Every structure is written in C-alpha cells, then in structure tokens.
Amino acid sequence: MSDTPHNQKLFIETVGCQMNMLDSELVVAALRKEGYQLTSEPADADTILFNTCSVREHAEHKIYSALGRLRFSKRGRPNQVIGVIGCMAQKDQELIFQRAPHVDMVVGTGQLAQIPEMIKAAREKREHRLAISLDRRDATRQEISDSFQSYDPLRDPEMRPSPYQAFVRIMIGCDKFCTYCVVPMTRGPEQSRPPRDILREVTQLANEGVKEVTLLGQTVNSYKVTQDGKLWRLSDLIMAMHDTPGLDRIKFVTNYPKDMTDDLLEVVRDMPKVARYLHVPAQSGCNEILKRMKRGYTVEDYRDMMQRINDIVPGCAVSSDFIVGFCGETDEQFQKSMGLIREFRFKNSFIFKYSPRPGTKADDLLADDIPEAVKRERNNLMLDLQNEISEEDNVAFIGTEQEVLVEGPSKTSLKHETDPDSPATQLVGRTRCDRIVVFEGNRRLIGSLTKIEIHDLTRTSLIGHIVTHEVQHGSAPSLLPILG
Ligand code: 5AD
Ligand code: SF4
C-alpha cells in the first residue's frame with residue numbers, strides 16, 4: 001500500500017441538494033489533482049468520503065447505516081481513511097466519532113478546502129480530526145461568517161457530471177431561519193460571492209464548452225453585494241454574464257418568495273438565455289402554518305408574487321416545495337396547501353413530510369404531533385394532485401415546437417443501449433421552461449439547442465421529434481438528420 005496519493009483510490013457518496021453535488025465535484029477535482037482516482041467500490045478505496053445532508057432525518061440515518069457497514073472495513077485496508085463531510089459534519093460534530101469511532105475526519109461545509117491535507121495527516125497519525133465552523137450562537141456575525149469559507153477553487157472540466165452543464169455558487173448560507181430548517185446552522189450566515197469571481201468562473205466554464213449554468217444559493221434571489229461602490233443584485237449579475245460567448249442558458253435556484261423583485265422578473269422576461277422557470281417554494285398554503293414556520297410571508301403575499309410573475313413573464317413555469325404534517329397542521333390547514341396547488345398549478349412540486357431537526361426553533365418549541373401515517377397520507381394525496389396537474393398542463397404542449405437544450409442520452413437508453421457507439425439514440429433535454437423532453441436523435445446534438453416538436457407525453461416528460469425545416473440559432477451545430 002502506497003503512502004503517496006498517487007494511485008490511491010477515492011470513493012465518495014453524495015446525498016442532498018445541488019450545493020452538495022457542486023461541493024463533491026470540487027473536492028474530487030482537488031483530490032484528483034493530488035493523484036487520486038475515483039472508484040465506485042468502497043471496498044477498493046483508500047479514502048472514503050460521505051458528503052452529507054441534514055435537511056431531513058432520513059438522509060442522516062442512511063449515512064449512519066452506511067458508516068455502520070464500514071465498521072470493520074479497515075481490517076482489510078489499514079491505511080484507509082474515512083471522512084464525513086458537509087452538513088451532518090457541521091451539525092453533529094463530535095457525535096459522529098461517538099457513533100462511528102472508525103471515522104477519521106469530520107469536515108464541515110466551511111472547511112472543504114482542508115480535505116486533502118487532512119487526509120494526509122490522518123494517514124500519518126491516527127486520531128480523530130474535526131474541522132468545523134463556529135456555532136451560530138457562539139460568536140459575532142463577522143466571526144461566524146469568517147469561519148464559513150465558500151469553497152470555490154478553480155474548476156476542473158473533467159470532473160463535471162456533464163461537459164455542457166455546470167453549477168455555479170453565487171452565495172452560501174442563509175439568514176431566514178425558517179423554524180423547521182437546519183440550513184442556517186449547517187451552512188452558516190448568508191454571504192454572497194463577489195461578482196468579479198462569479199463572472200470569471202462563468203467565462204471560464206463557457207470557454208470550456210459549458211452551455212448552461214445554474215446559479216446556486218439557498219435563497220438565490222437575495223443575492224446582494226457591493227463591489228467597488230456599486231450594489232449588485234441577482235438581476236445585475238445575470239445581465240453581466242448574459243452575453244458570455246458560448247453560453248446558451250442561465251438558471252438560478254432556489255428563490256425566496258419575499259425577495260422576488262420586479263427587476264429580476266424583467267430580466268427573466270427580457271434576456272433570451274434566461275430560463276423561463278422559477279423555483280419558489282411556498283411550503284404551505286395556510287397563513288397560521290406559514291407564521292409557525294416563520295416564512296415571513298402570507299398566502300396573500302405569495303399570491304401577489306404569482307400575479308407579478310404572470311404579469312411580467314407570461315408562461316413562466318413555477319415549481320414549489322411543500323412540507324406536510326408540520327407541527328399542529330390540521331386536515332383543514334393541509335387542504336389549504338392542496339388549494340394552493342390547484343390555484344397556481346405548479347409545473348412540479350417537491351413534497352416533504354415534516355422531519356424535526358435538532359437545533360431548530362420548531363424542534364425546541366413545537367411538538368411534532370402529526371402521526372407518521374397521517375404525514376404519509378397527506379404526502380401521497382398531494383403528490384397525486386400535483387402529478388395530475390402536471391400531466392394536464394403538459395397536454396397543452398402537444399403540437400408545439402420547443403427549443404430544447406440537449407443534456408444527454410435518456411435514462412432508458414443508458415439502461416438498454418446495446419451499441420454505445422451508435423450515433424442514434426434516445427436523448428433527453430429541457431425546454432426553456434424546464435420541462436423534460438425525450439426524443440430520438442444523433443448523439444452529436446448533445447450540448448446544443450435543438451427545435452423539437454412535441455407529439456406525446458408520459459407522466460413526467462414530453463415526447464417529441466426533431467423539427468427538420470428550420471435552421472437553428474445560438475451556438476448549436478447545424479441541424480443533423482436522425483440516423484439509425
Ligand atoms: N422537514 C421536512 N422538510 C424540510 N425541508 C427543509 N427542512 C425540512 C424539515 N425539517 C424542505 C423544505 C425545503 C426543502 C429543500 O426541504 O421544503 O424547501
Ligand atoms: Fe431553510 Fe428557510 Fe433558509 Fe430555505 S430560506 S434554507 S427553508 S431557513
């Protein structure tokens with residue numbers, strides 16, 4: 001077994017949100033620069049990392065179970081280093097070593113840059129290593145902010161899951177403190193990255209062939225930075241990156257309803273590369289529950305926002321998140337959330353059963369009094385309603401022509417492909433309003449904007465075929481016939 005990182009094997013498991021996916025991409029890139037190679041087999045790995053999520057208890061259970069299965073794994077590989085990184089590391093800290101003493105290092109979201117050094121140190125001397133940020137109650141805001149370092153090293157094109165799509169972090173942390181949510185604790189105070197750093201990164205990505213960037217922030221539309229005496233909001237940032245050569249599409253997630261200002265909606269309306277799609281979680285359709293969640297808006301405020309979205313950007317797709325079975329939620333209150341879905345006909349909704357999180361206000365002060373079976377039932381009812389609405393609204397797309405950014409082979413074709421060298425395959429992409437489209441086409445279309453006529457649908461996707469009568473625009477290659 002070698003002590004140098006050359007030919008060392010790295011296994012990483014990532015759960016949670018896009019922010020975690022980006023963090024893992026960057027950590028892997030840093031370790032590959034040191035000579036690590038990725039493996040998909042934990043048993044073969046010299047270093048095992050779990051990039052974790054704390055938003056719901058279930059995600060944490062899964063990680064503790066995976067750690068449990070590794071209890072004796074070092075017997076076969078005494079040099080092996082096991083690390084828990086990300087949100088659970090910041091939240092559970094020493095507790096992880098107590099529950100899983102075979103873990104070597106626990107690294108919070110604000111210390112990811114230290115991982116390569118920490119792995120080396122762990123291999124030299126066996127002891128528990130902890131690198132985390134300050135607790136939100138333990139110091140001044142500035143001190144706490146300084147202890148959460150945004151991790152945005154230079155990007156490695158080889159490490160992106162797709163060569164044509166990239167996440168770009170524009171802010172870290174959150175200051176909203178919704179009573180159910182652990183994110184302000186695990187990701188620290190809200191801090192926006194300087195525009196010049198973000199713009200440099202977007203230009204670099206576009207030069208490397210990236211066609212679509214998704215700007216990431218927990219409350220992305222709260223982005224606010226003063227640089228050289230000028231205030232930059234998200235709308236300014238998008239305008240500044242819009243004409244980056246090679247870039248075809250710009251998305252941004254997740255939006256906070258109260259911060260959805262008209263200047264941002266006007267940018268969505270006016271700038272052709274910006275997706276006509278907004279993810280703006282409502283969480284509940286009942287004012288008492290929203291108040292208990294400390295969301296900072298009422299149903300009426302949310303309705304006003306939806307009105308402005310529809311007035312300024314007609315046809316804009318909106319998706320939402322909902323929590324069902326929050327503390328004290330009656331059946332009537334749940335029905336108000338169902339009413340909100342009926343009223344606004346979201347493109348899709350992510351639905352979650354309330355999961356009490358230690359360290360949050362709701363967990364401290366409110367009883368988790370809705371039985372699991374009721375939460376499950378409400379979850380299913382809401383999912384059925386949303387699916388029905390999504391499907392009904394997708395019917396309106398039949399017969400229309402959509403500009404699709406082609407992402408890659410569809411899941412089905414990946415599963416059943418007999419000849420991966422064959423140019424014709426089933427491809428998947430997204431419309432400008434973020435709807436999934438599946439169609440037959442040439443692999444060379446991957447990464448291009450392609451006109452697709454929709455002729456059918458499934459529960460989750462539109463099905464179409466390539467339109468052959470029109471010349472494409474943007475940076476798409478010229479139109480190719482379907483081979484096969
Ligand atoms: N329980 C259930 N769902 C939660 N979310 C955040 N915290 C919790 C929790 N404690 C959901 C919210 C948020 C999404 C990312 O996760 O709907 O928008
Ligand atoms: Fe959590 Fe609320 Fe912040 Fe979203 S806005 S990350 S739900 S605290």
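The model is predicted, so local features need pLDDT of at least 70 and side-chain atom pairs count only at pLDDT 80 or more, while totals for chains, interfaces and linings use all residues. Residues are numbered from 1 along each chain as its sequence is written, chains are lettered from A and ligands numbered from 1 in the order in which they are written, and side-chain values use heavy atoms, with hydrogens and water left out. Helices (H or I, at least four residues) and strands (E, at least two) are DSSP runs, numbered from the N terminus.

**Ligand 1**

- The shell around ligand 1 consists of Val55, Arg56, Tyr180, Gln283, Asp321, Ile323, Phe352, Lys353, Tyr354, Ser355 and Arg357; a residue is near a molecule if one of its heavy atoms lies within 4 Å of it.
- Strands S15 (317-324) and S16 (349-353) each supply at least two residues of this shell.
- By class, the shell holds five nonpolar, two polar and four charged residues. Here Ala, Val, Leu, Ile, Met, Phe, Trp, Tyr, Cys and Pro count as nonpolar, Asp, Glu, Lys and Arg as charged, and the others, Gly among them, as polar.
- An N or O atom in the side chain of Arg56 is 2.9 Å from an oxygen atom of ligand 1, and a polar side-chain atom of Gln283 lies 2.7 Å from an oxygen atom of the ligand.
- Ser355 uses its backbone: an N or O atom there lies 2.7 Å from a nitrogen atom of ligand 1.
- Ligand 1 taken alone exposes 400 Å², and the protein buries 85% of that (areas by the Shrake-Rupley method with a 1.4 Å probe).

**Ligand 2**

- Around ligand 2 stand Cys174, Lys176, Phe177, Cys178, Tyr180, Cys181, Val183, Pro184, Gln218, Thr219 and Arg295.
- This shell divides into seven nonpolar, two polar and two charged residues.

**Helix pairs**

- Two packed helices are described by the angle between their axes and the distance between the axes. Axes are lines fitted to C-alpha atoms over the stretch in contact, and angles run from 0 to 180 degrees between N-to-C directions.
- H9 (residues 195-207) packs against H10 (residues 234-242) at about 35°, with the axes 10 Å apart.
- In this pair, Pro195, Ile198, Leu199 and Val202 of H9 meet Leu237, Ala240 and Met241 of H10 (contact means heavy atoms within 4.5 Å). The contact has seven nonpolar, no polar and no charged residues.
- The axes of H11 (residues 262-270) and H13 (residues 299-312) come within 9 Å and cross at roughly 35°.
- Asp262, Leu265, Glu266 and Arg269 of H11 make the contact with Arg308, Ile309 and Ile312 of H13. These residues divide into three nonpolar, no polar and four charged.

**Backbone details**

- The peptide bond from Val253 to Thr254 is cis, with omega near 0°. Thr254 is found in the loop between strand S13 (249-253) and H11.
- Gln283 is a residue other than glycine with a positive phi, near 75°. Gln283 sits in the loop between strand S14 (277-279) and helix H12 (287-293).

Definitions and conventions
A polar contact is a pair of N or O atoms within 3.5 Å; within protein, one must be able to donate a hydrogen and the other to accept it, and residues adjacent in sequence count only if both atoms are side-chain atoms.
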